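Keep the picture open while you read.

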Amino acid sequence: MMREDVNENRRQLLKWLAGSPTLACVGLPLFSAPQTVRRYAGKGDGLIASPEDAINVFDFERIAESVLPPAHWGYMATGTDNDATIQANRDGFLKWRLRPRRLVDVSKIDMSVDVLGKRWPTPIVIAPTSSNLAFHPDGEIAVALAAKAKKHLQVLSNVASTSIEDVNAARGEPVWFQLYPIASWDVTKSVVSRAEKAGCPAIVLTVDLFGGSNRETLKRFAMKDTRDCTACHSDERQHTPNYDGLERPANDTYQTTLTWDFARRLRDSTSMKVLIKGIVTPEDAALAAENGIDGIIVSNHGGRAEASRRATIECLPEVLDAVSGRIPVLIDSGFRRGTDFFTALALGATAVCIGRPYLWGLASFGQAGVEAVLDILREELQLVMMQSGTRSIPEITPKNIVAVV
């Protein structure tokens, strides 16, 4: 292949990635993560050789970066502009401190929570992420099997590389379904009806990516990728199974004219609970409650949506004040430690969603990696609860934290 052709292919790759929530090469068996990991183990680089060796979830991040093709890692790692919102999500937790309590019997810890009428043994939720086959050959199935083994609530992206029916079968019960609406209501309604027919109890309308985002880290890593990806970036390979049989318009993933009218129309078109993901202001939170939305997920898409440079944990208190307990409020973006989860729960969040950490585990060791990430986060949260003298989630209140002045 001539150098000019390679450069043109790369330009087309970058153009396509910048405008899409999905990642190409999603169906290709590019590597076997466990075998690749072994190449890096025991060479003095400090990378773990098995899930059991991990001390925290960041150990999986290093493995994921080592084993993934550059463009795939860039897609997973990228934020918006210079990734300042990713950093803000982490820095936001430093604005609160914990207030441990002593002489409390914490021999029994109950981490269960009620989310929209169903009891879950943990407040840690698996957030929707697209194109999991780009990170491991088992993709979303491995994630669903881990969710089943550890009994976590799971939300599936509508642009996942695996169908809702197959994920539900692997999970053993219907998951929640995320929706990126498109301009065609007929296509959107068909996808919603498919999720409802599959038994999904809730749909998560995601509203924080309209207009796209400037993902500089993705672009830089994609330029380092020497593979010829044109074959799997064709229309045929950009496969999103949940749209099979539908005439989805080209380049019509996001509806820039989306308004609260659409949210009400969606609400009235389904018996599923409807949540909105991407709310970060009290004004929009109040409108969600007033428009009959069943729940909110405070989210900036892990720092890859708007370049707000503001942490979701900072947005949470005012969103909670705006809804005044009328609907449940979940949160995601930047959660990596048990102390992070504890802070959000103390502020009043119903549950907390994670994205990148379980993808790190998936890329590293498949299902076993996802399970290990979930185990670590649950163990860390339990430890913080014990240190704080809180024996159940309802006992975690604003009195357990203090804002830094």
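This is a predicted model: local features need pLDDT of at least 70, side-chain atom pairs count only at pLDDT 80 or more; totals for chains, interfaces and linings use all residues.

**Charged partners**

Side chains of opposite charge can pair when their charged atoms come close. How many salt bridges does a search of the whole structure find? The search turns up 12 salt bridges. Here are some of them:

| Salt bridge | N to O distance |
|---|---|
| Arg171 and Glu173 | 3.7 Å |
| Asp268 and Arg267 | 2.9 Å |
| Arg310 and Glu318 | 3.3 Å |

Arg171 is buried, at 5% relative accessible area, while Glu173 is partly exposed at 27%. In the next pair, Asp268 is exposed, with 58%, and Arg267 is partly exposed with 26%. For the last pair, Arg310 comes out as partly exposed at 28%, and Glu318 is partly exposed too, at 26%.

Arg171 and Glu173 also belong to a network of salt bridges that includes Lys118. That lysine has another neighbour to look at: Lys118 lies over the face of Trp120, 5.0 Å from the ring centre.

**A residue in a loop**

Is Asn291 buried or exposed? Asn291 is buried, with a relative accessible area of 9%. You'll find Asn291 in the loop between α11 (282-290) and β9 (295-298). Its side chain makes a polar contact of 2.5 Å with the side chain of Arg264. Setting aside neighbours within four places in sequence, Asn291 touches Trp260, Arg264 and Arg267.

**Rings meeting rings**

A pair of aromatic rings is described by the distance of the centres and the angle of the planes. The count here comes to 5 aromatic pairs. One of them is Phe60 with Phe365, an edge-to-face pair with 6.2 Å centre to centre and 85° between the planes. Phe60 is in helix α3 and Phe365 in helix α14, so this pair links distant parts of the chain, 305 residues apart. Phe60 is buried at 0%, and Phe365 is buried at 10%.

Trp185 and Phe262 are edge-to-face as well, at 5.6 Å centre to centre and 80° between the planes. Because Trp185 lies in helix α8 and Phe262 in helix α10, their pair ties together parts 77 residues apart in sequence. Both Trp185 and Phe262 are buried.

Finally, look for Phe93, Phe335 and Phe341, which ring pairs link into a cluster.

Technical notes. Residues are numbered from 1 along each chain as its sequence is written. Side-chain values use heavy atoms; hydrogens and water are left out. A salt bridge is a side-chain nitrogen of Lys or Arg within 4 Å of a carboxyl oxygen of Asp or Glu. Buried means under 20% relative accessible area, exposed over 50%, partly exposed in between (1.4 Å probe, protein chains only). Helices (H or I, at least four residues) and strands (E, at least two) are DSSP runs, numbered from the N terminus. A polar contact is a pair of N or O atoms within 3.5 Å; within protein, one must be able to donate a hydrogen and the other to accept it, and residues adjacent in sequence count only if both atoms are side-chain atoms. Contact means heavy atoms within 4.5 Å. Rings of Phe, Tyr and Trp (its six-membered ring) pair if their centres lie within 6.5 Å; planes under 30 degrees apart count as stacked, over 60 as edge-to-face and the rest as tilted. A charge sits over a ring if NZ of Lys or CZ of Arg is within 6 Å of the ring centre and within 35 degrees of the ring normal.
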